[in-house]
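Colleague: I'd like to learn how to read charged pairs in a model. Could you walk me through them?

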Amino acid sequence: MGFRSGITVICLMLSCVATEVRAGPWGVAQLMEALAARHSGRAEFVERKYVSILTEPVESSGELTFVKPDRLEKRTVRPVSERLVLEGDRLSLERGGERRSAGLDEYPEIAALVGSIRSILLGDRIALEKLYRLSLNGDAGRWTLLLVPSTPAVAERVAYLRIGGFDGKVDRVEIHLPGGDYSVMSIREIAQR
């Protein structure tokens, strides 16, 4: 082996090592770290709800805002204007000029869903594992996190959640209910100014 060939082999070996170090292991812990590293964000969403008694999905769209540590807002602009805000343990809903507010503990079905979405955005594995068994497929470039209820109380309200994304960003949220109805939300991040 000549000098040039030897250097080439060493470079290839170093390149492989560097790739392995950069890629590192990928699992739920690494995903939660990537999600937790994000501080806030805004995104546009399109949500389609598939309900067994309807022949067509119900589509809505609007904007999502998340601000650490605990504020999640869903502002729907189509087909009707509606604003849902979860801040701390308070949930408020504005629709048709009326505003209602309640504690999350008064709406356990919403707590299981919206609270879980917030826990995902926070990368709060401990909170998620209190309610769900987590399994992750893919890699950092394209991942899918499956959340299956681990308690009967949550299983009465949610069959499973499937969250998709890339790096530390969520771009798809599927919510499947026990009766077969489900919703799919596609999310597109709005660039920060």
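Colleague: Is Glu-59 buried, partly exposed or exposed?

Modeller: With a relative accessible area of 34%, Glu-59 is partly exposed, because buried means under 20% relative accessible area, exposed over 50%, and partly exposed in between (1.4 Å probe, protein chains only). This is a predicted model, where local features need pLDDT of at least 70 and side-chain atom pairs count only at pLDDT 80 or more, while totals for chains, interfaces and linings use all residues. Residues are numbered from 1 along each chain as its sequence is written, and side-chain values use heavy atoms, leaving out hydrogens and water.

Colleague: Which side chain meets Arg-48 in a salt bridge?

Modeller: Side chains of opposite charge can pair when their charged atoms come close. A salt bridge is a side-chain nitrogen of Lys or Arg within 4 Å of a carboxyl oxygen of Asp or Glu. Here, Arg-48 meets Glu-59 (3.0 Å, N to O). Arg-48 lies in strand 1 and Glu-59 in strand 2 (residues 58-67), so this pair ties together parts 11 residues apart in sequence. Strands (E, at least two residues) are DSSP runs, numbered from the N terminus.

Colleague: What does Arg-78 form with Glu-59?

Modeller: A salt bridge, with the closest N and O atoms 3.5 Å apart. It links strand 3 (residues 71-78), which holds Arg-78, to Glu-59 in strand 2, 19 residues apart.

Colleague: How many residues apart in sequence are the parts tied together by Glu-44 and Arg-188?

Modeller: Their side chains meet in a salt bridge (2.3 Å, N to O). Glu-44 sits in strand 1 (residues 40-50) and Arg-188 in strand 11 (residues 182-190), so the parts are 144 residues apart.

Terms used:
Helix = DSSP H or I, 4+ residues; strand = E, 2+ residues; numbered from the N terminus.
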